[in-house]
Amino acid sequence: MIQSGAEPKALNNDQVQAVNAFMRHKISVITGPAGSGKTLTVSVIVRICMDLGVQPWLLAPTGKAAKRMQELVEKNKSIPSGKTLTHQASTIHMALLRGPKKHQKFDTRVVIVDEASMIDSVLMSRLLSFMADDAVLVLVGDHNQIPPVSPGAVFRDIVEGERCHVTRLGTVHRNFGVLRRNAFTILEKSKVPPTTKDEHGNTPWTLELVDDAKRPEEEAVRRIEHHYERMLRLATGEHDVQVLTAENDGPLGVDALNLRLRKVYHRCLLYT
C-alpha cells in the first residue's frame, strides 16, 4: 500500500501486475485510460526504487506532463523521509541535453516515461541510445490517444505488437459521466447514442461519429456535409456545431472540409 494524501490506497490486481513486471523485465509498458491509476502505479515503482537506493529518471514529452508527474509522485509520498530525487521530472529533450555528456549514458538504472503515446520514432531512438545496457525502461500512457505529430506511433505499436510485457489497466476510478461512457463506446466500436442530457438535466453536446475508414473519400465528405447541415438546423448558435478531423491535407483535411462546410453553412443561412 502507499499513502496518497491522508488516506492509504491499495493497488488493484492490474496495478500489482504492472509493478511486478517492472521488477522482472528490462522494458515494461503500463497503458490505460485517464483515471485508471497509472500515476499511482508509477508512484509505487518510484518508492521501490528509492527504498533500493536507485535514483529513477522521471521523463515526459512535455513540460506540463513532467511537472504534473513530479507533483503527483510527491503527493503520493513516494519519496521516503530524508531522501530526495537526484533528477527532478523533466522533458525528454531537457534530459538528453543536460544529463549525459556526449557519447555517455544516463547515470541511472531506471527510466520512467509518462505520456509515452506522444513520443515519435526519432525521439524514442535518441532516448534508447542514451540508456545503459542494464537499465530498466517503463513506458506509461494511453495507446488509444492520437499518435504524435511527427512520424511514428511507437507506443501504440509496442502495445499492439506486445513485443515486451504490457499491463493494461482497465478499471477507471474517476467518473467522467457521459463523456466517459461515450469514450468507451467509441473504443468498443459501438454506435454512439446522441447525448441529449447529462446527469444534471443539461444538454452539453451531441456526438455524431462519422466512420470513414472504409469509405471513398468523396462519399465520406458528403456524409460529413449531411450531418453538419442537419446539426446546424438543430443548433441554437453558429458555434454550436464543430467538425473534428485528424489531418490537414486531402479531401478530409481541415482546409478542404472548411471550404465545403462553409458553403453548407451559407446555404443554411439563406433558407433559415
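Modeller: Let us begin with burial: a residue is buried under 20% relative accessible area, exposed over 50%, and partly exposed in between, with a 1.4 Å probe and protein chains only. Helices (H or I, at least four residues) and strands (E, at least two) are DSSP runs, numbered from the N terminus. By the burial rule, strand 7 is mostly covered, as 6 of its 6 residues are buried.

Biologist: On what kind of model do these values rest?

Modeller: This is a predicted model, in which local features need pLDDT of at least 70 and side-chain atom pairs count only at pLDDT 80 or more, while totals for chains, interfaces and linings use all residues. Residues are numbered from 1 along each chain as its sequence is written, and side-chain values use heavy atoms, with hydrogens and water left out.

Biologist: Which residues of strand 7 point one way and which the other way?

Modeller: Val136, Val138 and Val140 point one way, Leu137, Leu139 and Gly141 point the other way, and all are buried. Over the whole chain of 272 residues, 39% count as buried. The chain has 9 helices and 8 strands.

Biologist: Why are Trp57 and Phe106 called a tilted aromatic pair?

Modeller: Rings of Phe, Tyr and Trp (its six-membered ring) pair if their centres lie within 6.5 Å; planes under 30 degrees apart count as stacked, over 60 as edge-to-face and the rest as tilted. By this rule there are 2 aromatic pairs. In one of them, Trp57 and Phe106 lie 4.9 Å apart, centre to centre, with 40 degrees between the planes, and the pair is therefore tilted. Trp57 lies in strand 4 (residues 57–60) and Phe106 in the loop between helix 4 (92–98) and strand 6 (110–113), so the pair ties together parts that are 49 residues apart in sequence.

Biologist: How do you know that Phe106 and Phe130 form a tilted pair?

Modeller: Their ring centres are 6.2 Å apart and their planes 45 degrees apart, so the pair falls into the tilted class. This pair also links distant parts of the chain, with Phe130 in the loop between helix 5 (121–129) and strand 7 (136–141). Phe106 and Phe130 are 24 residues apart in sequence and 5.8 Å apart in space, C-alpha to C-alpha. Trp57, Phe106 and Phe130 form one aromatic cluster.

Biologist: Why is Phe106 called buried, and why is Glu115 called partly exposed?

Modeller: Phe106 has a relative accessible area of 4%, so it is buried. Glu115 has 26% relative accessibility and therefore counts as partly exposed. Glu115 is found in the loop between strand 6 and helix 5.

Biologist: What is stated about the phi of Glu115?

Modeller: Glu115 has a positive phi of about 50 degrees although it is not a glycine. Most residues other than glycine have a negative phi.

Biologist: Which residues make the contact of helix 1 with helix 2?

Modeller: Contact means heavy atoms within 4.5 Å. From helix 1 (residues 13–24) and helix 2 (residues 38–51), the contact is made by Gln15, Ala18, Val19, Phe22 and Met23 of helix 1 and Leu40, Thr41, Val44, Ile45, Ile48 and Cys49 of helix 2.

How values were computed
Axes fitted to C-alpha atoms, helices over the stretch in contact; angles between N-to-C directions.
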